[in-house]
Amino acid sequence: MSGSIKPNFFLDISSDICPMTFVKTKLQLQKMASGEILEVKLSEGEPLESVPENVELDGHKIISIKPNGNDSRVLIKKA
């Protein structure tokens with residue numbers, strides 16, 4: 001995790017495949033308030049490439065991306 005940033009929510013999509021990885025991430029972000037932080041656990045490869053890209057296209061901010069196999073993490077700040 002990135003320094004002192006503490007996520008408000010955690011989502012484990014490490015066993016999911018695209019496009020469900022982004023769908024589940026988007027659904028979680030829709031439940032959150034603006035400014036809240038979501039930590040997403042996902043797999044390297046297509047999920048780690050497509051989820052951050054699509055989240056940014058939706059207007060949210062990627063705080064950090066930490067590749068680590070099936071325990072990769074992305075921190076997202078909801079717009």
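In the predicted model, Leu-38 is in contact with Phe-9, Phe-10, Leu-11, Thr-25, Gln-28, Leu-29, Met-32, Val-74, Leu-75 and Ile-76, neighbours within four places in sequence being left aside. Leu-38 also belongs to the largest nonpolar core, which comprises 14 residues. Together with Leu-42, Val-55 and Ile-76, Leu-38 touches the most other members of that core. At least two residues of the core are supplied by each of α1 (20-31), β2 (37-42), α2 (46-57) and β4 (72-77).

The sheet is open and consists of 4 strands in the order β1-β2-β4-β3, with mixed pairing. The edge positions are taken by β1 (9-12) and β3 (61-66); each has a single partner strand, so one side of each lacks a neighbour in the sheet. On average, neighbouring strands are turned by 20° against each other, direction ignored. β1 and β2 run parallel and are joined by 4 bridges. Phe-10 has Glu-39 in β2 as its bridge partner.

Helix α2 packs on the sheet, where α2 touches β2, β3 and β4, and the direction of α2 makes about 165° with that of β3. The buried residues of α2 are Pro-47, Leu-48, Ser-50, Val-51, Pro-52 and Val-55. These buried residues pack against α1 as well as β2, β3 and β4. With 12 residues at 1.5 Å a residue, α2 should span 16 Å, which agrees with the 16 Å between its end C-alpha atoms. Gly-59 follows α2 and has a positive phi, near 100°.

Note on methods: Residues are numbered from 1 along each chain as its sequence is written. This is a predicted model: local features need pLDDT of at least 70, side-chain atom pairs count only at pLDDT 80 or more; totals for chains, interfaces and linings use all residues. Side-chain values use heavy atoms; hydrogens and water are left out. A nonpolar core is a set of buried Ala, Val, Leu, Ile, Met, Phe, Trp, Tyr and Cys residues joined through side-chain atoms within 4.5 Å. Buried means under 20% relative accessible area, exposed over 50%, partly exposed in between (1.4 Å probe, protein chains only). Contact means heavy atoms within 4.5 Å. Two strands pair if DSSP finds at least two bridges between them. Axes are lines fitted to C-alpha atoms, for helices over the stretch in contact, and angles run from 0 to 180 degrees between N-to-C directions. The expected span of a helix is 1.5 Å times one less than its number of residues.
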